[in-house]
Amino acid sequence: MARRRAGPRAAPRAAPRGEDFSFVSPLVKYLLFFFNLLFWVISMVMVAVGIYARLMKHAEAAMACLAVDPAILLIVVGVLMFLITFCGCIGSLRENICLLQTFSVCLTVVFLLQLAAGVLGFVFSDKARGKVSEIIDNAIVHYRDDLDLQNLIDFGQKEFSCCGGISYKDWSQNMYFNCTADNPSRERCSVPYSCCLQAADQAVINTMCGRGMQAMSYLEASEFIHTNGCIDRLVNWIHSNLFLLGGVALGLAIPQLVGILLSQILISQIRDQIKLQLYNRQHQADPWY
C-alpha cells in the first residue's frame with residue numbers, strides 16, 4: 001500500500017509584536033526613578049531638620065518671627081520637594097502617566113516661577129531692594145527671639161562686614177538695643193558683637209564690644225564697628241559676583257530641566273507602548289494576522 005505523501009508543514013505562527021518588545025526604555029525609566037529618589041531623600045532630611053529646629057524653639061518666639069524663620073522655610077521647601085519627587089518616583093516605577101504628568105507640570109511651574117522671580121527682581125530692582133530692607137528690619141526686631149535667626153544675622157554681618165540694614169543705627173528698632181532714654185536694657189544703644197571690627201590675631205571674641213556704639217557719631221563708631229548697612233554691601237556683592245550667581249542659577253535649573261525632559265520622554269514611550277498593546281489585542285483574534 002502506497003504511503004501517503006505528507007503535505008508541507010505549516011510555518012509556526014509568529015508571536016504578536018509587543019509580547020517581547022517594549023517601547024519603554026529601562027535606561028530612561030530607572031534614570032528618572034533614581035534621579036527623583038535622590039531628591040526625595042534630600043527633601044525628607046530637610047523636613048526632619050526643619051521640624052527638629054522648630055520644636056527646639058519656644059512657641060512664643062517661633063510665632064513672633066514666623067515670616068523670617070529659617071526652619072519654616074526649610075519645612076515648606078522640603079514638603080514641596082517631597083510631594084513633587086514622590087510623583088516622579090512612583091510614576092516612573094509604575095509607568096503611571098498621570099503621576100508623571102503631575103511631576104512634569106509641577107517641575108515646569110517651579111522653574112517658571114524661579115525664572116519670573118529672577119526677571120522681576122532685575123527689572124524692579126528698587127522694589128526688590130525695598131522688600132529686602134523690610135525683611136532685614138523685621139529680622140532685626142526679632143533678633144533676640146530666635147537663636148537660628150540670631151546666628152544667621154551674625155553670620156551675614158561678619159561675612160559682609162556690615163551692621164544693620166542701612167546703617168548701624170537700625171539696631172535701635174530692637175527693643176533690647178533701643179537707644180531711647182527709658183529703655184532699661186543693659187544693651188541700650190548697643191549693637192551685636194558681629195558688627196565689631198575684629199583683629200586678625202584676636203583669639204577671644206569680645207561679645208560686649210558693641211556697647212554704646214549707637215550713641216556715637218559715624219566717625220567715632222567707625223573706629224570700633226562696621227557702620228555701613230548690609231543692603232549696600234549685599235548689592236555690591238551681587239554686582240561683583242554675577243558670574244557666580246549665574247552658575248548657581250544654572251545649577252538649579254539643569255536638574256529641573258533634566259527631570260522635565262526625562263519625564264516627557266518616558267510619557268511618550270508609555271503611550272507608544274499602550275498603542276502597541278491595543279493593536280495586538282485587536283489583531284489576536286484575526287485568523288489572517
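Colleague: Leaving aside its neighbours within four places in sequence, which residues is Ala221 in contact with?

Modeller: This is a predicted model, so read every value as computed from it. Beyond its sequence neighbours within four places, Ala221 is in contact with Tyr168, Met213, Met216 and Thr227.

Colleague: Where is Ala221 found?

Modeller: Ala221 sits in helix 7, which covers residues 218-221.

Colleague: Is Ala221 buried or exposed?

Modeller: Buried means under 20% relative accessible area. Ala221 has 0%, so it is buried.

Colleague: How far apart are Ala221 and Cys196 in sequence and in space?

Modeller: In sequence, 25 residues separate Ala221 from Cys196. In space, their C-alpha atoms are 9.6 Å apart.

Colleague: Now the charged pairs. How many salt bridges does a search of the whole structure find?

Modeller: Start with the general idea. Side chains of opposite charge can pair when their charged atoms come close. In this model, the search finds four salt bridges. Let us go through some of them.

Colleague: Which residue forms a salt bridge with Glu95?

Modeller: Lys29 does, with the closest N and O atoms 3.1 Å apart. Glu95 lies in the loop between helix 3 (70-94) and helix 4 (97-123), and Lys29 lies in helix 1 (residues 26-55), so the pair ties together parts 66 residues apart in sequence.

Colleague: Is Lys29 buried or exposed?

Modeller: Lys29 counts as buried because its relative accessibility is 12%.

Colleague: What does Asp232 pair with?

Modeller: Asp232 forms a salt bridge with Arg129, and the closest N and O atoms are 2.3 Å apart. This pair links distant parts of the chain. Asp232 belongs to helix 8 (residues 230-240) and Arg129 to helix 5 (residues 125-141), 103 residues apart.

Colleague: What is the relative accessibility of Asp232, and what is the relative accessible area of Arg129?

Modeller: Asp232 is at 37%, so it counts as partly exposed. Arg129 has 39% and is also partly exposed.

Colleague: Which side chain meets Glu187 in a salt bridge?

Modeller: The side chain of Arg144, at 2.4 Å, N to O. Here both partners lie in loops: Glu187 between helix 6 (147-160) and helix 7, Arg144 between helix 5 and helix 6. The pair therefore ties together parts that are 43 residues apart in sequence.

Colleague: What is the relative accessible area of Arg144?

Modeller: Arg144 has 32%, so it is partly exposed.

How values were computed
Residues are numbered from 1 along each chain as its sequence is written. This is a predicted model: local features need pLDDT of at least 70, side-chain atom pairs count only at pLDDT 80 or more; totals for chains, interfaces and linings use all residues. Side-chain values use heavy atoms; hydrogens and water are left out. Helices (H or I, at least four residues) and strands (E, at least two) are DSSP runs, numbered from the N terminus. Buried means under 20% relative accessible area, exposed over 50%, partly exposed in between (1.4 Å probe, protein chains only). Contact means heavy atoms within 4.5 Å.
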